[in-house]
Amino acid sequence: MPNRSTMVLVATVGIALALWAGVLLAPFVGLVPATVSDVSATDGSASGESATDENATDESRSDERASTHQPVQIDSCTVIDEPGEYVLTADVEDSTAGVCIDIRSSDVHFDGDRHAVAGNLSHAGIGETIDGPSSQDRVGVGVTVRSNERVENVTIHHVTVTNWSHGVLAENVTDANVSGVHAFENGGGIVLDDANDVTVQESNASRNLALGVVVDARAGNRTTNDVVVGNELKDNGAFGAAVFSSSNATIANNTAFRNAFGIYAFGVQNSTIAANSVWDNRYGVVLEGFRSNATNVADAVNVTDADASAADLGVQPEAETATTARSNAVADNVIRNSTAAALAFVGADGNVATGNDLSDTGPTTEQFYPFQANASAAIVAVDARNNTIVDARTSDAADWICAGFDGSSTTVLNATTDAGTVSFAGSDVGVGRAIETPSFPWKTYSVGVDLNVTTFAANTTLQVTLQYDDASLERFNASEDDLDVYRYDADAANWTTAGDVDVNATRNTVSASLDRVDGFVAVLAETGNYATENQSASENETTTDDERVTMAPGGVAGANAVANAVGGVAGADAVAMAPLTARESTYAMASATGS
């Protein structure tokens, strides 16, 4: 089996892709297509010339095309081995060719003219074989770009490819543009391997057995400036859009729904995932990398590009062999109805997510990679360090707002829930909104978001900042002096105060640091003046839904606010998070780690 980096990387996601791996690697034996000069008029002259010209030399034909600047017309499977413009003039139906449109030259513009290039492979046929010859001898491809020499400056557009192992496959290519392509019911829709400075835009990849749009690098290499923008990616077995081992990539304005992974970025650095609409996937957006031994992770992360088109996060270059997903900006995406997680960081360090809608996550009754439980979370982190999520909407997160595992440190600032705004920083904890809480202590009332905290390691830390409003204090005849953070000890079946708290009356927040917390956390007002003559003691011991404070979201940062979202991440050994509002331009914070 060829040693392809994409196959190795797909294996890391922990989903059963044994069948899908074959989509990337499996050839399908077929016929070798003719070259442009080999196709005769009886087959539909690929050169666009009549049968009377069939004896003309290749040199004279090239000179004639150069003088007239007319595109070469083709109507059947063809090898394109000369630079120029080529246009498909008819549908290719039920083809048994191994490779149909075979581009082997640089400086080629292929226009499908909205015609179809259709193979004869069913999904069952695509999945039958997983072994085969090297990629250079691969068959079962609708449109391919391949050559022993690196191919440059190739455009493929306005063509439909279906029923192939791969609809479009470009290998060893630089400066390629794929646009207006409809790839459906293939193994892989649009796959660019060892691709540098490539763009896939305004295309549709649907109902493919495994892959929608994939931009990949060969093992040990890294690509740059890859762009996946404005595509519709739906009903693909594994990835809607996936980019591997790329720097300065842009994945933007795509629609991805009903895939296993809506958008997947492996080993991607200094890149931007922005303004995508990602719905009804198992995982919405995933940043993943192999854990590396590189030690030069920057302590400060600063988003400086105001338009969010390419993030410069101020992180030092990593070691050549590292493959961590690092220093990326995830901004202003709508990622909703994810079964397992809306936003996931796995082996990913120092990424910043701003202004994303992560609502309506879960619930699930199955255990999905990378979870260690049958649960779901708006944000999940596994073996991931110093990732920061700012101004996320997390309404109706079924289990957790954020869950961290395996030494992950995550900071969540101004997450809006159905009951108000919450900020927290922690290590290896799951933090979710508490729907039902045990009865509060006598003469205390909840004035903020009640949290349910689950620990996933022996020693964890958590800092919380909970928001309240003045109207709630007035309602309970309380003041800021009456506020405290409580946590519930399930073993002792009682509430205790967290200790030192920071009440900021200007920002209407209460902050506290908690060690080894597992259970419920709430900000309570301690007062005995709320009860009326008609209320019993039992009524004062609980808080109804009507009595909880409902706060308007503080605001979701637009694409132009990315530069102002995060002032810096400092220090991994302590938490120093100031109370926050969504309107402030900087945040001081530090990610906590397990002790």
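I started with the largest cavity, and its lining is made up of C402, A403, G404, S408, T410, F424, G426, S427, D428, V429 and V431. For my own record, a cavity is a set of points on a 1 Å grid over the protein atoms alone where a 1.4 Å probe fits but cannot get out, and lining residues have an atom within 4 Å of a point. The elements giving two or more residues to this lining are β34 (400–405), β36 (420–427) and β37 (429–433). Strands here are DSSP runs of E with at least two residues, numbered from the N terminus.

Before going on, I noted that this is a predicted model, where local features need pLDDT of at least 70 and side-chain atom pairs count only at pLDDT 80 or more, while totals for chains, interfaces and linings use all residues. Residues are numbered from 1 along each chain as its sequence is written, and side-chain values use heavy atoms, with hydrogens and water left out.

Back to the cavity: the lining divides into 5 nonpolar, 5 polar and 1 charged residues. The space inside is about 60 Å³, taken as the space filled by probe spheres set on the points, with grid points joined across faces, edges and corners. My search of the whole structure gave 3 cavities of 30 Å³ or more.

Next I looked up T417, in strand β35 (residues 409–417). T417 counts as buried because its relative accessibility is 8%; buried means under 20% relative accessible area, exposed over 50%, and partly exposed in between, with a 1.4 Å probe and protein chains only. Its side chain reaches the backbone nitrogen of A419 at 3.1 Å.

N414 is also in strand β35. N414 has a positive phi of about 60 degrees although it is not a glycine, and it is buried, with a relative accessible area of 5%. D197 has a positive phi too, about 55 degrees, and sits in the loop between β11 and β12 (199–201). At 28% relative accessibility, D197 is partly exposed.

I then checked β11 (residues 188–196) and found 9 of its 9 residues buried. Strand β10 (residues 166–184) runs parallel to β11, joined by 7 bridges; strands pair if DSSP finds at least two bridges between them.

Last, I noted two cis peptide bonds: G362 to P363 and Y369 to P370. P363 is in the loop between β31 (352–354) and β32 (377–382), and P370 lies in the loop between β31 and β32.

Notes: On a 1 Å grid over the protein atoms alone, a cavity is a set of points where a 1.4 Å probe fits but cannot get out, and a pocket is an open set with protein on both sides within 12 Å along at least five of seven lines; lining residues have an atom within 4 Å of a point. Helices (H or I, at least four residues) and strands (E, at least two) are DSSP runs, numbered from the N terminus. Ala, Val, Leu, Ile, Met, Phe, Trp, Tyr, Cys and Pro count as nonpolar, Asp, Glu, Lys and Arg as charged, and the others, Gly among them, as polar. A polar contact is a pair of N or O atoms within 3.5 Å; within protein, one must be able to donate a hydrogen and the other to accept it, and residues adjacent in sequence count only if both atoms are side-chain atoms.
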